[in-house]
Amino acid sequence: MNDLTRAIPALFVLLWATGFIGARYAMPWAEPFTFLWVRFALTFGVLLLIIPMVNAKAIGPRNAFHAAIAGVLMHGVYLGGVFWAVRNGLPAGFAGLIVGLQPMLTAVIAGLFLGEKVTGKHWLGLVVGLAGVTTVLSPKFGSISGGVTVATIGAAVVAVIAMSVGTVWQKRFVATADLVTVTLYQYVGGWAVTFLVSLTIETQEFVLNGELVFAMVWLVFVLSLGAIFLLMILIREGEVARVASLFYLVPAVTALLAWFLFDETLTPVQLVGMAITTFGVALATRRTPRQPAPATARASR
């Protein structure tokens, strides 16, 4: 494993965490599903330009279908559910705690449908990571208000389930197909579901200003392209449950970014929580000396 490969998990966490910062800029100026379908359509257009430049390969109708299903789950339902819940009053800290359940849920689903073995050390890492996430988000719990309803909590829970199932779906059906083309079809699926929902429940109005444009550009190029490509690489090269453990680090990195960009409070309790989370992720993602990386295992067959 070269230095660039080792840097991918850290870079993915950093880029993924900036998505919440981008959403903070965007949500006052656009409804969630409307914003998302426009974002996905723009990403689709950019990918159409990229495909001939990188000589991306066709993946066939079957793989395209499975990639679109993964996109419905990972982009449309996950992001749509989280954005809608926060827009309708669910405090970001509370939403973050619900989203923090995703690595454990993914480990269970991966064990059932991919046959991945989750060791005792891995489970311990997942539990420690969740404890760290809870500690990082604990100062935000005081902001819980009337926005905590069955609808908002339900939307966040459905979002987490969708992300977990979508990650496993991607690994199970299209992990070996061309990443660029797979991502293109993922955004077809994500666009379809968010567009239909926006037609049903939203007015599709935008307040076009600098903050919205900045958020859209950032989320299209840095999140929808950069972070998602890194996630696809991680899913392809590693066990899904181990990859999912990286999501535990996102709330801590988001808190650091919010402190740096928006002067939000960063307490000693949160710093302790970050340390706990990092330790948990290290436990959950560490390989034993006898456990080769998937790429190595495949090459030896």
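First, the ground rules. This is a predicted model, so local features need pLDDT of at least 70 and side-chain atom pairs count only at pLDDT 80 or more, while totals for chains, interfaces and linings use all residues. Residues are numbered from 1 along each chain as its sequence is written, and side-chain values use heavy atoms, with hydrogens and water left out.

The protein chain has 13 helices and 0 strands. Those are DSSP runs, H or I of at least four residues for helices and E of at least two for strands, numbered from the N terminus. Of its 301 residues, 50% count as buried. Buried means under 20% relative accessible area, exposed means over 50%, and partly exposed is in between, with a 1.4 Å probe and protein chains only. Take the contacts between residues at least 6 apart in sequence: 91% of them join residues at least 24 apart. A contact is heavy atoms within 4.5 Å.

Which residues have the most contacts inside the largest nonpolar core? They are Phe12, Trp16, Phe35, Tyr78 and Leu231, in a core of 71 residues. Helix H9, residues 210–237, gives the largest share of this core, with 16 residues. By nonpolar core I mean a set of buried Ala, Val, Leu, Ile, Met, Phe, Trp, Tyr and Cys residues joined through side-chain atoms within 4.5 Å. Beyond its neighbours within four places in sequence, Leu231 contacts Phe12, Trp16, Met74, Met163, Val243 and Phe247. There is also a second, separate core of 6 residues, including Ile59 and Val182.

Two other interior positions are worth a look. Thr18 sits in helix H1, residues 3–26, and counts as buried because its relative accessibility is 10%. Leaving out residues up to four places away, Thr18 touches Trp218, Val222, Leu223 and Leu257. Thr18 and Trp218 are 200 residues apart along the chain, yet their C-alpha atoms are separated by 8.8 Å.

His66 is in helix H3, residues 60–87. Is His66 buried or exposed? It is buried, because its relative accessibility is 8%. The side chains of His66 and Trp169 are joined by a polar contact of 3.2 Å. A polar contact is a pair of N or O atoms within 3.5 Å; within protein, one must be able to donate a hydrogen and the other to accept it, and residues adjacent in sequence count only if both atoms are side-chain atoms. His66 also contacts Phe173 and Val174.

Leu256, Trp259, Phe260, Leu261 and Leu271 make a nonpolar patch of about 520 Å². Patches are built from residues with over 30% relative accessible area and no salt bridge, with like charges joined within 9 Å and nonpolar side chains (Val, Leu, Ile, Met, Phe, Trp, Tyr) within 5 Å. A salt bridge is a side-chain nitrogen of Lys or Arg within 4 Å of a carboxyl oxygen of Asp or Glu. Areas come from the Shrake-Rupley method with a 1.4 Å probe; for residues, only the protein chains shown count as cover. Helix H11, residues 249–262, supplies 4 residues of the patch, the largest share. Phe260 lies in helix H11 and counts as exposed because its relative accessibility is 64%.

Last, the loops. Asn55, between helix H2 (32–54) and H3, has a positive phi near 55°. Gln204, between helix H8 (179–201) and H9, has a positive phi near 60°.
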